[in-house]
Amino acid sequence: MIRIKTWKQFGLFALLGWLLSWLVSCSPTPAPSAAGEIEFWTMQLQPQFTEYFNQVIGDFEAENPDVNVRWVDVPWAEMERKILTAVSAKTAPDVVNLNPSFASQLATRNAWLELEETIPDEIRQQYLPKIWQASTIDNQSFGIPWYLTTRVTIYNQDLLKQAGISQPPTTYTELAEVAQQVKDKTGKYAFFVTFIPDDSSEVLESFVQMGVQLVDAEGKAAFNTPEGIAAFKYWVDLYQKGLLPREVLTQGHRNAIELYQAGETALLASGAEFLKTIETNAPDIAKVSATSPQITGKTGKKNVAVMNLVIPRDTNNPEDALNFALFVTNTENQLAFAQAANVLPSTIAAVEQYQAQLSSNPNASPVEQARAISANQLTEAEVLVPAMKDLNKLQAAIYENLQAAMLGEKEVEQAVADAAQMWDSLYVVRALALHRSNVGTHLKVISALKRNYKPVNFARFHLGLNYEGFSG
């Protein structure tokens, strides 16, 4: 067993008002789990995988007869709200299924059990190292990797053929060339990618693939560089040349799916399993669809999406919770879930076995071929935008200023500089988080803000207060 709007005045006054409200703290309530009981939350895995989890839970309880696991499946759209409420009230479950991006926001308020000193090296080393790193902030691990997906490029062979293109693009340089050729020869668009701040992070990830460093070691903006300007210019040029639909500024990733299924775009970045959806919704498009590796930049980096298991710090049963999380994510159970759910595992041994199974089928279906491409990318795939505090606000700063440059409201260089300034303005909130036990320090920071304040859309960032742990 392991032991274990620019609103210049609003930002400042909201900050002052919030500081006063922070001084009144809340009283915590007891955690819900009794001794010998583990409450386990997953995201929308019932009823499709009920049989699988009942088996895993039964096996764990058979090996640990003094422990009872209570499984609660939460709808995808409700998980963030529910876990935020539970963590704030100190009534969180013992093991939770989250993605590193959201989990990291709570990791920065010390919500999760730290695993770096708890899990031995020989167990940590069983997981893909880049995937383990995805749930690490400041060299402290807060999550155990579970299941994964990597993007593939789904492409319409007929549309590319009409445009005189024999092979799908593999780099962003090639993508721009294909976009021009498809538009010239067919009148259609090569692809759709969204620039809505709270939607897909595909464009943000493309920056990293193009060689842009988003933040420095202190967490400040590091993208106001020649590489960052070039990445901005890449997307601005595609839009201003008419090679992206105008709706990229107003529609989310769902529109990319709809356009591809309607035969209006030639390329779609998605998971391998989405081919099944295309077969159902657009069988004629599915017949002419094939898959290739995901598009990348000069770095050659490829994206992977991670689901992990985290353990709230306030659990009454840290030892049992940790053992259960490691049991769910061991090689045997990961491989079984990958096969049942058509996702990818995150332990090295399970990946090797899964790749061998996929490559040994000479009569693989298009979905199985796509799955093999997805699995073979794992050795070089990584979470391109690492876990960090206020990641959603970094994306908002970049996307909002990209939109302004696309519409000709700003020069590219100014848009990059403004995005960096918007992100760095969050230093106020980060300083307050760092010194939240020292009211005098808070007042000094606010005094400095009065002297040095620049009108940089504080309100759009909501000051990040929901995730800082100041509400009690």
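This is a predicted model: local features need pLDDT of at least 70, side-chain atom pairs count only at pLDDT 80 or more; totals for chains, interfaces and linings use all residues.

Colleague: Okay, so at what angle do α8 and α10 pack?

Modeller: Helix α8 (residues 172-186) and helix α10 (residues 226-240) pack at about 10°, and their axes are 11 Å apart. With the limit at 35 degrees, α8 and α10 are therefore roughly parallel to each other.

Colleague: Which residues make the contact?

Modeller: From α8 you get Tyr 172, Leu 175, Ala 176 and Ala 179, and from α10 Tyr 234, Trp 235 and Leu 238. The residues of that contact are seven nonpolar, no polar and no charged.

Colleague: And α2 with α14, at what angle do they cross?

Modeller: Roughly 130°, with the axes of α2 (residues 50-63) and α14 (residues 318-328) coming within 11 Å. That makes α2 oblique to α14. The crossing is right-handed. On the α2 side the contact uses Val 56, Ile 57, Asp 59, Phe 60 and Glu 63, and on the α14 side Asp 320, Asn 323, Phe 324, Phe 327 and Val 328. That contact splits into six nonpolar, one polar and three charged residues.

Colleague: Switching topic: is Ile 144 buried or exposed?

Modeller: Ile 144 counts as buried because its relative accessibility is 0%. You'll find Ile 144 in strand β6 (residues 144-149). Beyond its sequence neighbours within four places, Ile 144 touches several residues, including Leu 115, Trp 132, Leu 309 and Leu 326. The C-alpha atoms of Ile 144 and Leu 326 are separated by 7.6 Å, although the two are 182 residues apart along the chain.

Colleague: What about charges? How many salt bridges does the count come to?

Modeller: The count comes to 18 salt bridges. One of them joins Lys 90 and Asp 314, with the closest N and O atoms 3.4 Å apart. Lys 90 is in the loop between α3 and β3 and Asp 314 in the loop between β11 and α14, so the pair ties together parts 224 residues apart in sequence.

Colleague: Which other bridge links distant parts of the chain?

Modeller: Glu 380 and Lys 302 meet in a salt bridge at 3.5 Å, N to O. Glu 380 is in the loop between α17 and β12 and Lys 302 in strand β10, 78 residues apart. Glu 380 is partly exposed at 35% relative accessibility, whereas Lys 302 counts as buried at 11%.

Colleague: Which residues are linked in a network of salt bridges?

Modeller: Glu 37, Glu 39 and Arg 70 are.

Definitions and conventions: Residues are numbered from 1 along each chain as its sequence is written. Side-chain values use heavy atoms; hydrogens and water are left out. Axes are lines fitted to C-alpha atoms, for helices over the stretch in contact, and angles run from 0 to 180 degrees between N-to-C directions. Helices (H or I, at least four residues) and strands (E, at least two) are DSSP runs, numbered from the N terminus. Angles under 35 degrees count as roughly parallel, over 145 as roughly antiparallel, 65 to 115 as roughly perpendicular and the rest as oblique. A crossing is left-handed if the near helix is turned anticlockwise from the far one by less than a right angle, and right-handed if clockwise. Contact means heavy atoms within 4.5 Å. Ala, Val, Leu, Ile, Met, Phe, Trp, Tyr, Cys and Pro count as nonpolar, Asp, Glu, Lys and Arg as charged, and the others, Gly among them, as polar. Buried means under 20% relative accessible area, exposed over 50%, partly exposed in between (1.4 Å probe, protein chains only). A salt bridge is a side-chain nitrogen of Lys or Arg within 4 Å of a carboxyl oxygen of Asp or Glu.
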